[in-house]
Amino acid sequence: MKLSLDWMNDFTPLKEVGLDVILKKIAVSVCEIDGVVPFRPELDFVKIVRIESLDKHPSADKLQIAEVFDGSSKSQIVTGATNVKVGDLVPLAIPGAKLGDREILESELRGVKSSGMFCSEKELSLSEESSGVWILNGIEGAEIGKTIRSFLYYEDIIFEIDNKSITHRPDLWSHFGFARELASQLRLPITFNPFESLWNFDLSMKLPRVLENQNAHSYYASSICEVFVIPSKRKFQSRLQKCGIRVINNVVDVSNYVMLEMGQPTHFFDKRFLESQGGVSLEVSYAKKGESFALLDETSPSLEEEILLIRNQGRPVAVAGVMGGKESAVQNNTTEIVMESAVFAREKIRKSIRSTGIRSDSSVRYEKGLEATTTLPVIRRALNLLKENGCPSLKASEPVGFLHTPHKEVRIHTDIHFINTKLGITLSQGDITDILERLHFMVSWKGDRLEALVPKFRHNYDVTIPEDLVEEIGRTRGYDTIQVTPLLAEIKTPIRNLSRELERKCKTFFSVGLGYHEVYNYSFQALKENELDGDVELSVKIRNEMPEEQSVLRNSLISSLLKNIRTNQDRFSEIKIFEFGRAYFNIPEPDNEKKFFSFAVSFDRKSSESDLGLLEDDFLKVRKEIESFLKYIRIFEYFWDIKPEIFFHPGASLSLIVDSKQIGNLGYVHPAVLDSFELKKRVIYGSLEFEKLVEIWNTNRNISRFNVPSQFPEAEIDISILIGEKENTNLFTDLVRREKIPELQEGWVYSQFAGGSVPVGKRSVSYRFRLVNYEKTFTQERIKEISDHLVALAGKNGFVLR
């Protein structure tokens with residue numbers, strides 16, 4: 001929004017205050033400002049001069065030599081203009097002037113000195129077309145020596161206000177409203193209030209008819225006669241142009257002028273057109289679906305039922321608060337008009353804007369929420385301006401219409417303690433009263449209790465609660481005056497959240513230590529996907545209507561992770577992902593919801609892969625990763641048990657047992673399940689019950705198992721034995737662990753083999769055991785002794801060596 005400093009000075013003496021002071025106060029206490037620029041300063045270098053003489057150029061038939069007088073000195077101009085004569089007043093751009101991309105310089109034309117250039121309206125960017133030099137003879141205000149900027153009332157500073165920062169302040173969307181705010185902030189008097197304008201209505205004139213209803217907060221109309229449609233006076237034109245409004249004629253320009261000055265739009269109808277429809281009978285009503293009529297912007301949109309219209313005799317003549325109709329508009333031969341002044345509900349105007357796509361200057365103000373009691377003062381001010389702007393003998397009927405809330409009041413009650421606590425400073429009752437009364441609040445005190453009557457131009461949506469009063473006091477006093485003090489608060493030791501702490505540990509280890517990627521999934525899935533893991537009858541159905549594939553809450557994370565694998569199977573050769581999520585069950589609390597830490601791995605093995613050695617190596621690799629994770633979270637006593645699951649491949653699944661409780665599982669996903677998810681590769685899936693992990697970790701986290709590293713070299717022993725195809729490889733490692741060999745640190749399976757020379761139904765399993773001695777270096781004799789012990793242990797328990 002653009003505001004003219006010269007215009008605002010009509011209402012309060014802002015020019016007596018330095019521009020820097022005004023700008024600082026606006027920035028600190030009112031709103032954001034995008035820019036401050038002088039309006040058309042280049043026109044200070046264009047003066048009005050009188051042509052004293054005209055002579056032919058001695059060397060050019062189409063040029064003339066003119067001598068001009070600017071009120072203090074004479075100069076010589078060479079011109080090619082054909083429409084000038086001696087005695088004419090014309091604009092002269094003097095050397096140094098810049099008109100667009102053109103700079104005027106002292107020059108010679110065919111050997112004759114020229115000290116400037118006569119200008120047309122087009123060259124001054126005042127018109128799109130012109131027929132020659134602008135002749136100013138007889139035009140009011142055209143005086144020799146005056147600059148064109150002064151002549152056009154362009155000597156002004158324009159404030160460019162950030163609209164977003166005053167969306168909540170409809171009272172600031174006008175020159176008077178903004179001047180009133182600055183007067184309050186800068187302690188300046190109001191020298192003229194346009195809302196206090198007076199007018200003597202002609203009681204003998206025929207009254208228009210206005211049908212009252214609830215479709216507007218306020219609506220008034222007045223008939224006006226003895227109107228002459230002519231160009232506006234320079235003052236009106238310049239002020240509209242400085243604010244970016246197109247000049248049309250004196251009647252329409254007054255409507256726009258009032259809107260920019262007072263913040264409330266108005267509209268003028270051609271009375272003769274309204275009477276041609278059967279008389280003047282105005283009504284605010286809704287459009288009929290598909291209804292259409294021509295608007296001022298030459299469009300005829302198809303209207304929706306939610307759009308408010310102004311109708312005359314039941315026929316649409318305007319979109320309420322947005323734009324008038326083309327046929328009812330003021331014409332050049334109009335002599336009688338009907339003026340409309342109204343306030344509509346902001347919600348209804350917003351619907352009209354959204355439906356029509358039209359954002360006019362009027363609708364932008366209406367959508368902020370205007371005060372309904374301003375409609376009559378606006379009519380009186382507009383009539384005075386019409387009289388000033390070319391209609392000196394006009395007469396107007398008494399306004400007819402309605403106002404639904406003439407006595408609305410908003411009173412806010414609070415106390416001085418509340419205000420001071422919110423601001424963090426100590427203000428006296430006098431300080432608060434001074435600020436609020438400057439802002440036009442009416443204040444009364446009862447002890448420390450404050451009652452504030454909000455001014456009507458602020459009470460609709462802006463100031464309604466005690467916190468709004470605090471904001472008014474704070475911004476007016478200046479937030480920059482409030483000292484910065486350190487925050488005083490009691491420092492308490494935070495309560496340790498073990499669940500969240502372990503969750504971070506799990507995620508960090510899997511992502512940083514093992515190279516997995518975390519995924520996030522919705523908890524919604526299809527009912528058939530709940531059949532994979534658990535009782536489908538315990539599924540939690542979603543009450544809101546959802547697609548079949550999102551109709552229940554998941555009872556495990558396997559389906560979600562398999563869909564993630566499917567999405568990425570053609571993009572990556574190796575996929576390692578994990579998810580920390582919840583599963584849901586239709587059973588009593590607290591067992592109706594469980595947390596799981598689940599993971600899935602695909603090593604680019606096709607679902608038809610027949611090399612069991614590769615598949616076993618992949619499985620052992622993942623199992624070793626999980627065992628390293630268990631060690632990281634201080635779970636040392638566990639074992640893997642063979643336990644079939646319907647979603648795992650037969651004979652390729654394990655259950656993780658700790659303290660005789662199953663806390664997780666691991667296995668190859670069943671080929672049938674892979675097919676149902678359109679997966680082309682083998683997938684290893686595992687899941688850990690998080691609450692059980694937390695319980696075990698909390699028990700073990702304070703138990704130290706640290707051993708000082710040995711200063712002596714370590715040793716390793718490998719041993720291969722035959723075991724049954726379905727036997728657990730942990731059987732032998734458990735036997736070794738129970739022997740309690742002092743130097744034995746750990747043992748694991750590092751390879752498996754079946755086929756070839758291995759008997760049918762058997763497989764060759766190779767184990768590796770790590771030995772550490774803390775007292776001395778291993779001797780070959782001691783290593784052989786331990787190796788023989790392991791071989792004997794295998795033979796004793798029926799295992800055949802390889």
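Biologist: At what angle do helix 6 and helix 10 pack?

Modeller: Start with the terms. Helices (H or I, at least four residues) and strands (E, at least two) are DSSP runs, numbered from the N terminus. Axes are lines fitted to C-alpha atoms, for helices over the stretch in contact, and angles run from 0 to 180 degrees between N-to-C directions. Here, helix 6 (residues 250–262) and helix 10 pack at about 135°, with axes 10 Å apart. This is a predicted model, where local features need pLDDT of at least 70, side-chain atom pairs count only at pLDDT 80 or more, and totals for chains, interfaces and linings use all residues. Residues are numbered from 1 along each chain as its sequence is written, and side-chain values use heavy atoms, leaving out hydrogens and water.

Biologist: How are helix 6 and helix 10 oriented to each other?

Modeller: Under 35 degrees is roughly parallel, over 145 roughly antiparallel, 65 to 115 roughly perpendicular, and the rest oblique. Helix 6 and helix 10 are therefore oblique. A crossing is left-handed if the near helix is turned anticlockwise from the far one by less than a right angle, and right-handed if clockwise. Helix 6 passes helix 10 in a right-handed crossing.

Biologist: Which residues of helix 6 and helix 10 meet?

Modeller: Contact means heavy atoms within 4.5 Å. From helix 6 they include Val254, Tyr257 and Met262; from helix 10, they include Pro377, Arg381 and Leu385. By class, this contact of helix 6 with helix 10 has 10 nonpolar, 1 polar and 2 charged residues. Ala, Val, Leu, Ile, Met, Phe, Trp, Tyr, Cys and Pro count as nonpolar, Asp, Glu, Lys and Arg as charged, and the others, Gly among them, as polar.

Biologist: Is proline 377 buried or exposed?

Modeller: Buried means under 20% relative accessible area, exposed over 50%, partly exposed in between (1.4 Å probe, protein chains only). At 12% relative accessibility, proline 377 is buried. Proline 377 lies in helix 10 (residues 375–388). Not counting residues up to four places away in sequence, proline 377 touches Pro194, Phe195 and Met262.

Biologist: Which residues are buried in helix 11?

Modeller: Ile416, Ile419, Asn420 and Leu423 are buried in helix 11. Seen down the axis, the buried residues of helix 11 fall within an arc of 90°, so they line one face. The arc is that of the directions from the helix axis to the C-beta atoms. On the other side of helix 11, His417 and Thr421 are exposed.

Biologist: What covers the buried residues of helix 11?

Modeller: The cover includes strand 23 (411–415), helix 12 (429–438) and helix 13.
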